[in-house]
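Student: I've got the model open on my screen. Can we walk through some side chains together?
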Amino acid sequence: MKKSPQEKKLDEMLHSTRLVAGGFMGTDTRQPQEVIQHDTAELEKSGCTPRQLAGRMRELTELSKPRLGNWTEAEAGKLRVKSEDFKGGLVCPWPHPGIYEKRVTTAERLDTAQTLVWTDLNIHMIEAHGFFEGKGAFFRVEPAQAVQILFEGLTLTPK
């Protein structure tokens, strides 16, 4: 099927290394819409929606911001988070306005030693576009792993 001009432009932006090192698609050879459909299905298997996951990621980022660069306990003995800011901003590859701070948040499960890393732009792309980035992308968020780290065995569950 032939791509529309908008789809071609999005594809170029997602594969471009001008916005982010390595591009948003990484080494993934699938079309962006295929990545989105696959990741949404994976996330739904765990009983979570993109909006719920993005909300939890945003909540943890906000919790960690006052102690920038230092670990903050998010759930006693089970989860801690840390955010680090970098100069500048990132734009969403989809055609709409918005610049997202270059902030990197790390969540660490203390009971399993698993970590999850994301940016403010990841939160937006997951919530607004259902896009977790392609396989091999530096800031790819694996949907099932994200739910496992941010929800499973914790008092907070997806709402």
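Predicted model: local features only at pLDDT ≥ 70, side-chain atom pairs only at ≥ 80, totals over all residues.

Student: How many aromatic pairs does the structure hold?
Tutor: Rings of Phe, Tyr and Trp (its six-membered ring) pair if their centres lie within 6.5 Å; planes under 30 degrees apart count as stacked, over 60 as edge-to-face and the rest as tilted. By that rule, the number of aromatic pairs here is two.

Student: What is the geometry of the Trp94 and Phe131 pair?
Tutor: The centres are 5.3 Å apart and the planes make 65°. That makes the pair of Trp94 and Phe131 edge-to-face.

Student: How many residues apart are Trp94 and Phe131?
Tutor: Helices (H or I, at least four residues) and strands (E, at least two) are DSSP runs, numbered from the N terminus. Trp94 is in the loop between E2 and strand E3 (99-109), and Phe131 is in the loop between helix H4 (120-129) and helix H5 (143-150). The pair links distant parts of the chain, and the separation is 37 residues.

Student: Why is the pair of Phe138 and Phe139 edge-to-face?
Tutor: Their ring centres are 4.9 Å apart, so look at the planes next. The pair is edge-to-face because the planes are at 85°.

Student: Is Phe138 buried or exposed?
Tutor: Its relative accessibility is 70%. Phe139, at 22%, counts as partly exposed. Phe138, though, counts as exposed.

Student: Which side chain of opposite charge is nearest to Lys82?
Tutor: Lys82 is in strand E2 (residues 79-91) and is buried, yet has no salt bridge. Lys and Arg count as positive and Asp and Glu as negative, with His and the chain ends not counted; a salt bridge is a side-chain nitrogen of Lys or Arg within 4 Å of a carboxyl oxygen of Asp or Glu.

Student: Which ring does the charged end of Arg80 sit over?
Tutor: A charge sits over a ring if NZ of Lys or CZ of Arg is within 6 Å of the ring centre and within 35 degrees of the ring normal. For Arg80, the charged end is 4.0 Å from the centre of the ring, which belongs to Trp71.

Student: Where do the buried residues of H1 sit around the axis, and over what arc?
Tutor: The buried residues of helix H1 (residues 5-15) are Leu10, Asp11, Met13 and Leu14. They are on the same side of H1, while Pro5 and Glu12 are exposed on the other side. The arc, taken from the directions from the helix axis to the C-beta atoms, is only 165°.

Student: How far apart are the C-alpha atoms of Arg109 and Leu79?
Tutor: Arg109 is in strand E3 and counts as buried, at 4% relative accessibility. Arg109 touches Leu79, among others, where contact means heavy atoms within 4.5 Å. Arg109 and Leu79 are 30 residues apart along the chain, yet their C-alpha atoms are separated by 4.6 Å.

Definitions and conventions
Residues numbered from 1 in each chain as written. Heavy atoms only, no water. Buried < 20%, exposed > 50% of the residue type's maximum accessible area, 1.4 Å probe, protein only. Lists of a residue's contacts leave out its neighbours within four places in sequence.
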